[in-house]
Amino acid sequence: MAVDTAIRVPVIRAGVAARSAETALLRGVDGTPLAEVDQAPPLAATLTVAELRRRPLGEAPPAETFRRMGELFGTATLNGLTPADYCELQARSAGVPISVARRSVTDMAETCANAPLRVAAERPAGAVSHVEPGEIKAVWMRRGETLSVIAPSNNPGTHTQWVHALAYGYRLLVRPGTRDPFTPSRLIAAALEAGMEPSRLSLLPGGHATADALVKAADLSLVFGGDAAIARYAGNPGLVPRGPGRSKVLHTGEITEEALDVICDSVAYDAGLRCTNTSAVFTEADPRELGQALARRLGALVAAAPQTAQAQLPVMPIEQARAMRAHLASRLAGAVEATAPLYQDGGVADLGDGSAALRPAVLVCDRPGHPGGGIELPFPCVWVLPWSWRDPVTPLRNTLALSVLGDDEELALTLLREPSIRKVVFGGLPTHAAGPTSPHDGYLSGDLMEVRAYGVAGRP
Amino acid sequence: MSDDFATVFEAPVDQVPDLDELVVATMTWHFSPSTGSPFWTGRAASFGFDPLSDVKTYDDLLECFSTVEVDWSAIPAHTLIPRGSAGRPGRFGVYESGGTTGAPKRIVDATSRRRNIEYQSMFLDEQGFPTGGLEAGWLHVGPTGPHIMAKNIGNLTELRGFLSYFVDLDPRWVKRCIATGREDESNRYIDHILDQVKDVLQSQDIRAMSSTPRILERIVARPDVYEPLREKVRGIIWGGTSVDAETLNLLENEAFPEATIAGAYGNTMMGMAPQRTRRDGDPSPCVFRPFYPYTIVDVVDPVDLTTRVPVDTRGVVKITALTRDLFMPPTVERDMVTLRAPLDGHPGVEVSDVRPNETAKETIIEGVY
């Protein structure tokens with residue numbers, strides 16, 4: 001097939017780039033051909049993992065390698081792409097505003113450099129790195145050698161999670177998301193350029209069957225996906241699931257400018273495509289009043305082609321955008337869209353080139369148990385539900401990130417005690433806020449690492 | 001026992017009889033009251049044409065039979081046996097299609113399909129595929145039971161001097177498991193099959209095998225089965241389902257580099273189209289050559305099923321069977337293929353890149369991933 005694009009994303013097997021007899025043409029959200037992506041069928045995944053098992057695995061890469069990897073990601077020409085080229089491709093392909101990729105280019109340097117520090121913070125306090133003769137102590141060990149990553153395309157930042165796995169010493173096999181092979185490809189190129197041992201890095205673009213083979217073959221698997229994708233691998237003992245975040249804000253007290261700032265930032269930061277973006281707000285105030293205030297602010301976000309600086313919303317091929325909106329309409333269950341009166345031509349902003357941006361949606365619900373509280377969609381879409389002290393915890397369960405607004409820290413701590421709420425921020429922080437070593441959904445090492453005992457006889 | 005039609009029905013498999021002569025022989029054999037099957041002679045009464053006088057060419061056949069619909073899943077199979085076959089060599093058997101996409105279709109066959117397998121074996125010789133010296137074993141891991149595969153493999157191993165070993169796979173059960181979302185169950189079933197493969201490999205001298213690409217892939221993922229197989233096997237035939245070019249490349253060059261690997265495209269209704277021996281400049285790594293003219297494959301436009309597609313274009317297959325044992329009028333099957341220009345002045349077609357004709361349906365997934 002003749003393609004008028006010079007960009008090719010090769011398969012990488014144990015650090016070695018390879019062509020495939022099967023390729024897929026990756027188009028931008030507007031239909032423009034962007035790149036040819038070599039496809040790794042399931043057998044490539046199986047054979048790559050088998051090949052890795054035949055090679056001994058050494059110590060985790062040194063801290064300097066990660067620092068250099070991050071620096072290269074942010075500054076170098078990798079795979080023939082400058083950072084600016086990469087950002088444009090990522091934006092046009094994934095439909096994510098280019099500001100997101102631009103920020104990630106700078107953030108990645110810090111994230112990678114910080115990886116060894118994070119690993120040190122995660123290490124159990126009792127685990128030592130060296131056992132002296134005469135000691136029997138805890139040592140921190142990997143649960144396996146190979147980690148497959150079934151990656152998404154929603155945000156370049158998602159890939160920072162597997163950088164941590166490299167820092168634990170794992171060998172990685174990444175099945176990129178269909179719409180963003182560029183970010184993992186660039187990260188892997190940066191790691192190799194930084195001198196990381198090649199067998200630690202594989203990139204296997206492919207479909208469901210490739211993902212299945214990879215999950216089956218690897219020791220452990222970090223799987224990003226919707227509920228159905230996660231359920232698909234539920235029986236796999238090595239599964240580390242990353243499903244929908246269903247992040248929420250709990251708003252108590254008055255509707256203030258500050259509260260609206262935090263909620264809108266939580267909903268729409270990075271175009272609403274993060275699992276830590278808020279998809280539901282529970283409020284002690286009148287949901288209708290709050291919904292209308294949010295709608296006025298969110299409704300002003302700019303619909304534009306993703307590669308333009310002013311873009312603030314996710315962009316998709318127009319028929320997909322319409323299907324997404326139709327899906328939302330089918331899930332309303334009596335909720336009232338507060339944003340609807342603001343859009344004369346509906347929630348889908350036709351960009352005129354075959355693509356469309358999804359305008360924010362604010363849905364006001366009349367009861368705390370409305371199903372909207374658990375519906376997360378890949379654009380700024382927020383359900384506003386009533387909340388009361390009669391049942392403060394139940395509606396807030398199953399939440400990746402929860403921001404508690406108001407002045408009641410006791411309430412925040414009560415919610416922190418609920419195990420299905422994975423992060424609580426209090427006092428005016430947006431749900432996407434994170435510290436340099438704070439856990440995202442528990443520490444990844446909680447799933448990938450464990451302590452074992454090691455003893456050495458004393459010298460006579 | 002030969003008759004007037006032996007020169008076309010039973011011509012040497014490396015020779016190609018005239019298509020229209022074969023059409024006339026087929027019409028005469030299957031529709032004459034004395035030799036035809038109860039099914040076809042009975043059906044002919046309701047045709048608006050006379051197969052004996054109106055169908056003299058393949059184009060006549062396409063034209064006349066375009067309105068004849070046959071529900072192969074509902075015909076009592078014994079009524080398909082030509083009356084003229086009584087006393088001829090070979091015993092008829094009943095064979096069913098995969099039955100994974102609906103009710104199984106049934107056909108009958110005595111010796112016609114063996115000729116198709118002789119044709120396949122001729123290509124295997126050309127490709128350096130091993131022979132068994134009457135002692136080595138050939139392991140078939142795939143459908144047996146009602147499917148014609150077991151008979152085909154039995155014929156092929158006999159022709160090539162192998163003992164045959166079978167591990168049965170019920171494709172209908174696998175399909176049902178997957179259709180109802182019970183992938184764990186299908187995985188357990190595949191593991192059950194692989195355990196049996198391992199058992200055969202442990203004590204038997206297996207040097208060749210036949211299976212589906214999917215099973216071969218699963219074998220590679222099981223070191224306890226893969227390692228002994230890779231060590232022993234020098235010839236592998238894959239078929240039954242499609243395979244992409246890269247998987248084929250990996251099977252040939254990485255997974256089983258010591259083995260000669262040959263593809264076979266076929267099914268119960270069309271017979272077996274062996275992989276034509278590869279040439280420099282082939283448009284695809286695996287080009288199949290149907291057993292022309294006994295199996296005619298027309299590649300037609302998926303929307304307008306009466307228009308043939310040009311060379312190097314994709315289309316669906318329309319299959320006609322013209323053999324002593326079975327007549328199947330032009331029938332559109334589910335496979336999509338690319339039509340290729342035949343080499344060596346071969347009068348039939350060649351096809352490649354076989355895929356099931358399925359339309360993908362996009363679904364909305366809730367969540368940011």
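The domain assignment of chain A gives domain 1 (8–121 + 142–243) and domain 2 (247–426), with bounds that come from an automatic or database domain assignment. The C-alpha centres of these two domains of chain A lie 29 Å apart. Where they meet, domain 1 of chain A contributes 14 residues and domain 2 of chain A contributes 18 residues; two residues are in contact here if their C-beta atoms, placed from the backbone, lie within 7 Å. On the domain 1 side, the elements that give two or more residues are α3 (83–94) and α4 (98–122) of chain A. Helices (H or I, at least four residues) and strands (E, at least two) are DSSP runs, numbered from the N terminus. By residue type, that side of domain 1 of chain A divides into six nonpolar, five polar and three charged. In this count, Ala, Val, Leu, Ile, Met, Phe, Trp, Tyr, Cys and Pro are nonpolar, Asp, Glu, Lys and Arg are charged, and the others, Gly among them, are polar.

The model is predicted, so to speak of local features a pLDDT of at least 70 is needed, side-chain atom pairs count only at pLDDT 80 or more, and totals for chains, interfaces and linings use all residues. Residues are numbered from 1 along each chain as its sequence is written, while chains are lettered from A and ligands numbered from 1 in the order in which they are written.

The largest nonpolar core has 229 residues, of which A:Leu172, A:Leu294, A:Val362 and A:Val384 touch the most other members. Such a core is a set of buried Ala, Val, Leu, Ile, Met, Phe, Trp, Tyr and Cys residues joined through C-beta atoms within 7 Å. A residue is buried if 20 or more other C-beta atoms, placed from the backbone, lie within 10 Å of its own, exposed if 12 or fewer, and partly exposed in between. Each of domain 1 and domain 2 of chain A supplies at least three residues to this core. Leaving aside residues up to four places away in sequence, the contacts of A:Val362 include A:Leu294, A:Leu298, A:Val382 and A:Val384.

Strand β8 (residues 146–150) of chain A runs parallel to β9(A) and is joined to it by five bridges; one pair of bridge partners is A:Thr146 and A:Arg171. Two strands count as paired if DSSP finds at least two bridges between them.

Elsewhere in chain A, three strands form an open sheet of mixed pairing in the order β1-β5-β4. Since β1 (8–9) and β4 (23–27) of chain A stand at the edges with a single partner strand each, one side of each is left without a neighbour in the sheet. The parallel strands β1(A) and β5 (residues 33–38) of chain A are joined by two bridges, and A:Arg8 has A:Glu36 of β5(A) as its bridge partner.

Between the chains, 32 residues of chain A are in contact with 20 residues of chain B. On the chain A side, α1 (42–53), α7 (208–217) and α11 (318–330) each give two or more residues, and the largest share, five residues, comes from α1(A). This side of chain A comprises 19 nonpolar, nine polar and four charged residues.

Chain B contains 12 helices and 13 strands. Its radius of gyration, taken over C-alpha atoms, is 21 Å, which agrees with the value near 21 Å for a compact globule of 369 residues; the globule rule is 2.2 Å times the number of residues to the power 0.38. The C-alpha trace of chain B spans about 60 × 60 × 45 Å along its principal axes, and buried residues make up 44% of the chain.

Most residues other than glycine have a negative phi, and most peptide bonds are trans. A cis peptide bond, with omega about 0 degrees, joins B:Tyr292 and B:Pro293, and B:Pro293 is found in the loop between β9 (287–288) and β10 (295–300) of chain B. B:Asp353 has a positive phi of about 50 degrees; this residue is found in strand β13 (residues 350–356) of chain B and is buried, with 20 other C-beta atoms within 10 Å. For A:Asn398, phi is near 55 degrees. A:Asn398 is found in the loop between β20 (381–386) and β21 (402–405) of chain A and is partly exposed, with 16 other C-beta atoms within 10 Å.
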